[in-house]
Amino acid sequence: MKNHVARGDMGPLKRVMSRAVIALDTVTPWPSEHTIVDLRWTPNPGRVGILMRSNEPESTETRLGWIGNKARAWAWTGVLGEDLLPLLRGGDHTKPLVADAVDDGIGSFAMVGATPDSLRVFTNVHRSEAMYYTEVDDVVLFSNSAAALNLVRHDSATPVYSPLGLAGAIVHGLPVTSSTVFADVQIAPPGSRIVSDSTHDLRVEDRYVWQADADASFDEVASAIADSLVTYAKTLAGGAEKVIAAITGGKDSRLVVSALTAAGVPFLAYTNGLDESGEVHVGRQVAALIGAEHRTNRPAMTTAPSGKSFVAAQPELQAWMTLRSTGGLGNAFTTLPDPAKAHVLITKSVNLGGQGGEIIRGGWARSLAANDHGRDSALQLIRKSWFNNGDLLSPLAREAMHLDLAGSLARIGDAPVRGMLDAYVRNRTGRWLATMRHGESVVAPHATLLINNRMVRRILAAPDETLIEERLAHRVMNTIVPGIADLPFFRDRWTFEAKGPSTFHDPEGWAGRNPYTATDVPRANFNWRVAYTPALADYFTSYVLDNDSSLLFDVLDRKAVEKMLSGSRYRAPAAWALFSAQYTLNNGWLGGRPESPDTIQIEVPQA
């Protein structure tokens with residue numbers, strides 16, 4: 001409660017807590033029968049209350065999500081390092097020793113520390129587990145559900161949406177700033193402490209790492225990151241009955257399987273796609289090199305009498321699963337599991353992917369050339385990345401987005417390399433992963449190897465020269481498993497040698513690392529989410545454009561959208577983002593699973 005409320009007056013807190021329970025009933029993604037923990041902590045007399053709801057069965061101490069008594073409480077979401085547990089059991093969140101340990105904690109988490117009179121929210125620097133906040137007249141509220149806060153804030157049965165948040169979701173497929181699609185709800189900054197106590201109703205303390213450690217050498221940083229990855233692989237996967245890891249034709253998943261290999265964790269590697277896929281081809285080669293079993297997950301196909309093959313797409317079901325499990329913040333371009341499924345224990349199965357590896361590759365700073373990483377180059381690159389769908393917005397919405405991102409653009413102008421990494425960690429990975437990982441964690445334990453909080457803090461403090469051209473990621477990968485970084489990728493190279501041999505690494509071997517392209521194989525790059533058939537075009541066009549009164553048209557340039565959806569300037573992620581935004585506004589994600597979703601047949605290229 002805010003400080004103007006008299007001590008002992010519990011009325012405002014009780015009213016808000018009651019509204020919060022109703023909000024959770026509305027937005028909790030899993031069926032009520034799957035709720036394992038439904039906890040209310042309200043020490044009396046006091047000014048603080050906590051609601052905790054979970055569908056994750058008790059497995060390991062670091063995943064309990066709760067430590068508390070009448071004097072203090074800790075609640076968290078995500079992965080917490082074992083070294084923090086003793087401090088949390090005996091320590092007060094207001095004490096510097098405990099707070100500093102949380103700031104530099106191992107794992108991927110968001111955390112709340114509470115006493116009967118104070119509340120403090122901690123976020124990690126990469127913000128893969130997000131926390132949101134808002135205010136009402138008498139109370140400050142924090143949650144890892146933006147939708148729940150929105151319902152409480154507006155005392156409404158359905159969400160109130162934000163035009164600026166919708167514009168951000170369309171420009172980059174997901175929200176990119178502190179604004180969300182839910183009106184009057186803000187995302188907590190990365191690496192921050194938000195304090196509500198007898199001195200402050202709401203104070204944000206920025207603990208983000210900005211300055212580089214001038215004394216850190218390139219080899220020291222790479223060695224520390226490599227050790228951290230291998231150690232964290234043991235933490236996440238050790239003891240599980242089944243460990244599987246995605247392997248694609250790219251770099252990030254290769255870091256994951258390298259770390260698992262070096263950690264001595266047995267695992268099954270898998271690649272999603274057709275047998276002819278370039279991703280599958282490279283995935284098999286990587287698996288063979290490290291001695292791992294490999295499996296191809298092929299999309300389900302039907303064959304017509306003509307002999308043509310088809311994949312069945314159900315956009316509405318895909319949107320429901322994504323939006324439901326991500327609390328209304330997802331994008332149906334990414335397929336997430338059914339949130340109605342029971343949770344899988346980490347002691348049973350762990351599935352690791354390459355999410356977050358872009359940070360080790362330097363974020364957007366990786367695209368800066370060694371001989372040209374000044375202000376103009378950085379700003380040109382970031383505007384291209386951030387506003388790739390800006391042509392779909394109205395002029396006013398574009399201006400609002402530029403203003404919303406002004407702080408990040410200013411940091412890039414002042415310190416191009418650090419600013420580009422900072423923008424990626426704060427506004428790209430932090431938003432994208434917070435949404436996607438939240439959705440995946442509904443049905444399985446959080447297990448993202450490449451974004452350990454302590455490791456990312458070390459990367460943020462790395463010298464500029466380690467962040468450009470993917471040099472750090474290359475050195476880390478070859479440190480973990482020598483030679484694996486030299487195996488060709490699918491349609492990609494290391495940035496430092498993309499334009500020709502580089503003295504940074506083995507210029508004589510450059511030709512042998514020529515990417516696998518499979519340009520003569522029609523099915524090599526097939527991805528049904530990217531394919532744009534007339535049936536899918538009609539479906540998206542009708543769904544997005546037929547509702548003239550939609551809030552979407554407060555931020556969209558209708559003619560630009562029509563042109564894009566007509567196919568002349570089609571971009572698959574943008575089309576799915578528009579569809580997802582409209583599905584959100586329709587509030588279909590708040591209902592039950594669609595019973596008879598439309599099915600669209602997408603033709604698969606012939607072999």
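Six residues, D100, D103, R193, R203, E205 and R207, are tied into a network of salt bridges, a salt bridge being a side-chain nitrogen of Lys or Arg within 4 Å of a carboxyl oxygen of Asp or Glu. The model is a predicted one, with local features needing pLDDT of at least 70, side-chain atom pairs counted only at pLDDT 80 or more, and totals for chains, interfaces and linings drawn from all residues. Residues are numbered from 1 along each chain as its sequence is written, and side-chain values use heavy atoms, with hydrogens and water left out.

Across the whole structure, a search turns up 39 salt bridges. One of them pairs D104 with R454, whose closest N and O atoms sit 3.6 Å apart. This pair links distant parts of the chain, 350 residues apart: D104 is in the loop between helix 3 (96-103) and strand 5 (107-115), while R454 belongs to helix 15 (residues 453-460). Helices here are DSSP runs of H or I with at least four residues, strands are runs of E with at least two, and both are numbered from the N terminus. R454 comes out as partly exposed, at a relative accessible area of 26%; buried means under 20%, exposed over 50%, and partly exposed in between, using a 1.4 Å probe and protein chains only.

K251 and E470 also meet through their side chains in a salt bridge, at 2.7 Å from N to O. K251 lies in the loop between strand 12 (242-246) and helix 7 (252-263), and E470 in the loop between helix 15 and helix 16 (471-480), so the bridge ties together parts 219 residues apart in sequence. Both K251 and E470 are buried. Another salt bridge joins D506 to R513, with the closest N and O atoms 3.0 Å apart. Here D506 is partly exposed at 33% relative accessibility, whereas R513 is buried at 6%.

On to helix packing. Helix 1 (residues 11-27) and helix 4 (residues 146-154) pack at about 135°, their axes 9 Å apart. Axes are lines fitted to C-alpha atoms, for helices over the stretch in contact, and angles run from 0 to 180 degrees between N-to-C directions. That makes helix 1 oblique to helix 4, as angles under 35 degrees count as roughly parallel, over 145 as roughly antiparallel, 65 to 115 as roughly perpendicular and the rest as oblique. Contacts (heavy atoms within 4.5 Å) bring residues of helix 1, including V16, A20 and L24, up against A147, A148, L151, V152 and R153 of helix 4.
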